[in-house]
Amino acid sequence: MKKKTFTEPQIVAILKQYEGGREAMDVCREYGISKATLFNWRRKYSGMESTHLKELKALQDENRRLKQMYAELSLDYKLAKEIIEKKL
């Protein structure tokens with residue numbers, strides 16, 4: 001079976017349908033997902049709006065960028081420390 005990928009706004013729309021009173025099996029059957037997937041999405045995206053998703057995505061990107069900067073600085077520090085130790 002081919003794996004379907006849904007964007008985060010689509011996931012939020014699906015969850016709104018479920019929270020609006022539709023049965024879980026009906027929603028799962030309509031979108032071709034399992035019940036476990038629906039409940040995992042509910043755990044992760046419950047109560048979010050599209051603005052919250054944009055903020056979350058921005059924060060994740062910033063966090064990734066900061067981790068990369070820290071890794072580069074840490075590597076530079078280690079290299080500088082090795083060079084100083086070799087000269088002594």
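Student: How many aromatic pairs does the structure hold?
Tutor: This is a predicted model. Rings count as a pair if their centres lie within 6.5 Å. On that basis the number of aromatic pairs held by the structure is three.

Student: How many residues apart are Phe-6 and Trp-41?
Tutor: Phe-6 sits in the segment before helix 1 (8-19). Trp-41 belongs to helix 3 (residues 35-45). The pair links distant parts of the chain, and the separation is 35 residues.

Student: Is Trp-41 buried or exposed?
Tutor: The cut-off for buried is under 20% relative accessible area. Trp-41 has 13% relative accessibility, so Trp-41 counts as buried.

Student: Which residues form one aromatic cluster?
Tutor: Phe-6 and Trp-41 already form a pair. The cluster also takes in a tyrosine. Its members are Phe-6, Tyr-31 and Trp-41.

Student: Why is the pair of Tyr-18 and Phe-39 edge-to-face?
Tutor: The centres of these two rings, Tyr-18 and Phe-39, lie 6.0 Å apart. Edge-to-face requires planes over 60 degrees apart. The pair of Tyr-18 and Phe-39 is edge-to-face because the angle between the planes is 85 degrees.

Student: Which helices hold Tyr-18 and Phe-39?
Tutor: Tyr-18 is buried at 19% relative accessibility, while Phe-39 is partly exposed at 32%. The pair ties together parts that are 21 residues apart in sequence. Tyr-18 lies in helix 1 and Phe-39 in helix 3.

Student: Which residue forms a salt bridge with Lys-57?
Tutor: Lys-57 is in helix 4 (residues 50-87), and its partner is in helix 1, 49 residues apart. The closest N and O atoms are 3.8 Å apart, and a salt bridge needs them within 4 Å. The partner is Glu-8.

Student: Where is Glu-49, which forms a salt bridge with Lys-16?
Tutor: The closest N and O atoms of Glu-49 and Lys-16 are 3.0 Å apart. Lys-16 is in helix 1, 33 residues from Glu-49. Glu-49 is in the loop between helix 3 and helix 4.

Student: How far apart are the closest N and O atoms of Arg-22 and Glu-30?
Tutor: Arg-22 is partly exposed at 32%. Glu-30 is also partly exposed, at 44%. They form a salt bridge, with those atoms apart by 2.7 Å.

Methods
Residues are numbered from 1 along each chain as its sequence is written. This is a predicted model: local features need pLDDT of at least 70, side-chain atom pairs count only at pLDDT 80 or more; totals for chains, interfaces and linings use all residues. Side-chain values use heavy atoms; hydrogens and water are left out. Rings of Phe, Tyr and Trp (its six-membered ring) pair if their centres lie within 6.5 Å; planes under 30 degrees apart count as stacked, over 60 as edge-to-face and the rest as tilted. Helices (H or I, at least four residues) and strands (E, at least two) are DSSP runs, numbered from the N terminus. Buried means under 20% relative accessible area, exposed over 50%, partly exposed in between (1.4 Å probe, protein chains only). A salt bridge is a side-chain nitrogen of Lys or Arg within 4 Å of a carboxyl oxygen of Asp or Glu.
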